[in-house]
Amino acid sequence: MIRLEDVSKTYRTDRIETRALDGIRLNIDKGEFVAVMGPSGCGKTTLLNLMGLLDVPSKGRVVLDEQPVDTRRDRELSRLRNEKVGFIFQSFHLVPDLTVLDNVEIPLLYRAIAGKERRRMALAALDRVGLSSRVHHFPTQLSGGQQQRVAVARALVGRPQLLLADEPTGNLDSTMGEEILGLLASANGEGTTVVMVTHDPRMAERAHRVIRLFDGRQVQ
């Protein structure tokens with residue numbers, strides 16, 4: 001599904017050079033559920049950003065669905081992200097001025113999908129996460145767990161092949177965290193490849209395997 005070939009990422013300013021990732025070689029097969037663990041600052045989010053085509057490596061290359069992406073133009077990368085990748089962020093990243101339904105529809109706006117069909121798909125995604133009764137609410141009217149479920153619905157509405165989750169349970173209590181993890185596991189059971197960054201060993205145990213990072217290097 002996705003492969004990183006000797007990938008390094010270095011951030012530079014006028015005075016400082018920071019190597020976020022160093023020589024990562026990683027292959028994630030279609031249908032896997034992989035957890036990424038490591039201390040803060042070890043490169044976990046950078047790794048997710050590279051997998052999700054939000055950033056490009058300083059060295060090496062990323063191959064998505066057997067297609068190298070290093071030569072793709074920005075417009076092509078945007079299309080690949082929209083069609084193949086879903087994102088779930090720890091801080092939700094919902095648009096406060098839009099309703100729950102409108103937030104979930106956002107990824108579909110960049111596809112040639114009629115408005116009626118977009119609405120049907122968004123409603124189905126919200127029903128899947130148990131929020132059918134909240135479609136006309138705004139994010140500020142929801143609890144943290146409900147906001148994260150909206151974020152999950154938004155990530156899944158376009159039926160992505162690859163789902164990337166950055167600490168999706170980090171701001172939630174244990175009960176709600178288990179609910180979110182259950183949604184990820186359900187998506188994985190239907191064939192979606194899932195890569196989840198987490199600090200919680202209990203959450204990582206639900207994955208098929210665990211990748212550990214330390215100081216930008218893969219140690220397991």
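How many nonpolar, polar and charged residues are in the lining of the second largest pocket? By class, there are 7 nonpolar, 1 polar and 4 charged. Here Ala, Val, Leu, Ile, Met, Phe, Trp, Tyr, Cys and Pro count as nonpolar, Asp, Glu, Lys and Arg as charged, and the others, Gly among them, as polar.

The model is predicted: local features need pLDDT of at least 70, side-chain atom pairs count only at pLDDT 80 or more, and totals for chains, interfaces and linings use all residues. Residues are numbered from 1 along each chain as its sequence is written, and side-chain values use heavy atoms, without hydrogens and water.

Stay with the second largest pocket. A pocket is an open set of points on a 1 Å grid over the protein atoms alone, where a 1.4 Å probe fits, with protein on both sides within 12 Å along at least five of seven lines; lining residues have an atom within 4 Å of a point. Its volume is about 210 Å³, counted as the space filled by probe spheres set on the points. Helix 4 (residues 115-128) gives the largest share of the lining, 5 residues. Helices are DSSP runs of H or I, at least four residues; strands are runs of E, at least two.

Now the largest pocket. It holds about 470 Å³ of space. Its lining has 17 residues, and Arg81, Asn82, Val85, Phe87 and Pro107 are the closest to its centre. Strand 6 gives the largest share, 4 residues.

Turn to strand 9 (residues 209-214). It runs parallel to strand 3 (residues 33-37), joined by 4 bridges; strands pair if DSSP finds at least two bridges between them. Ala35 stands opposite Val210.
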